[in-house]
Amino acid sequence: MSVSCVRKHNAVRSDGSQARRFLMNFYDRVQGIYYTEVLRRLNDVLSPTNYVEIGSRTGGSLEIFGCNSVAIDPTFSISTNVIGKKPTCHFFQMTSDKFFEKYSLNALLGGPVDFAFLDGMHLAEFLLRDFMNIERQAKANSIIAIHDCLPGEYNISARQEGSESQRSATHPEWWTGDVWKIIPILQKYRPDLHIIPVDAAPTGLILITNLNPENTTLKTHYSEITRNIVSKYKEEEFIEFWRSISVVSANKLVSMEDIYEYFWL
Ligand SMILES: C[S@@+](CC[C@H](N)C(=O)[O-])C[C@H]1O[C@@H](n2cnc3c(N)ncnc32)[C@H](O)[C@@H]1O
């Protein structure tokens, strides 16, 4: 898919102060290899033993992993062979919150989660809970991959899918929700994590490691964080966020040597 980069410079807001704003879009920074291809390379090189996926829909990402797997989605729509050579594959047709109320990943998988892909409900507080629940059952060098956290423009990150804001976007057919907010949140509350934003098309992939299952900071600050999700992190913060991060090219995650620079299992 080719995406043209449109920059609208120097849009002036007539709010008395004539504050000068830069309304930008950042699609040119997420033009790397398609996200499923990045996941495929990570699986091929790292060969995880245990995989968890939140949000599977048709199984397009689940199919990539050949190990013991747990897939969670309230509405699966699978019509191809996504099980392949997996020794075990558990399907839970329910929300991730319901799943974590009732089940233990460690018990299902017989050990800690090696690799997780979070692509379920695309609202920041849901993703934050998914992250916290997975980290509790992971180990330090496990990898949590998160989809859609690098939206090329603010309008596709509205909290309401199909909103007027989304309809006026350059790519109104895409909706990422506001999951991008998890990055500034984790940077603020969990500076110990290694957070690697990757330019995987079309809306980025975030790879997180150096996890700590014992860390309770996010739990302690959960109410304050979720209050801020709605009241803070507006478009100005979105632009600031894009300016502050350095995005790694997916081309740097090709060979075994490339991938071992960041990850090992
Ligand atoms: C973008 S799709 C997943 C696509 C898939 N990961 C892939 O790459 O092929 C998002 C999925 O999240 C699921 N979902 C929505 N709310 C959820 C929740 N609370 N818990 C888990 N999954 C959820 C939806 O049913 C949908 O199938």
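Some ground rules. The model is predicted: local features need pLDDT of at least 70, side-chain atom pairs count only at pLDDT 80 or more, and totals for chains, interfaces and linings use all residues. Residues are numbered from 1 along each chain as its sequence is written.

Ligand first. There are 17 residues around it, and Gly 55, Arg 57, Gly 60, Thr 95 and Gly 120 come nearest. Being near a molecule here puts the C-beta atom, placed from the backbone, within 6 Å of it. The shell divides into 5 nonpolar, 9 polar and 3 charged residues.

Buried requires 20 or more other C-beta atoms within 10 Å of a residue's own; 12 or fewer is exposed, in between is partly exposed, with C-beta atoms placed from the backbone. Take Ala 145. Leaving aside neighbours within four places in sequence, Ala 145 contacts Leu 39, Ala 116, Phe 117, Leu 205 and Leu 207. Contact means backbone-placed C-beta atoms within 7 Å.

Next, strand β4, residues 50–54. Helices (H or I, at least four residues) and strands (E, at least two) are DSSP runs, numbered from the N terminus. 5 of the 5 residues of β4 are buried, so the strand is largely enclosed by the rest of the structure. Asn 50, Val 52 and Ile 54 cover one side, Tyr 51 and Glu 53 the other. β4 runs parallel to β5 (residues 68–72), with 5 bridges. Tyr 51 stands opposite Ser 69 there. β4 also runs parallel to β7 (residues 113–118), with 4 bridges. Here Glu 53 stands opposite Phe 117. Pairing takes at least two DSSP bridges.

Helix α4, residues 124–135, is largely enclosed too, because 10 of its 12 residues are buried. Among them are Leu 127, Arg 129, Asp 130 and Phe 131.

Last, Phe 238, in helix α9 (residues 235–244). Phe 238 counts as buried because it has 21 C-beta neighbours inside 10 Å. Its C-alpha atom is 9.6 Å from that of Pro 151, 87 residues apart along the chain.

Terms used
Nonpolar A, V, L, I, M, F, W, Y, C, P; charged D, E, K, R; others polar. Contact = placed C-beta atoms within 7 Å.
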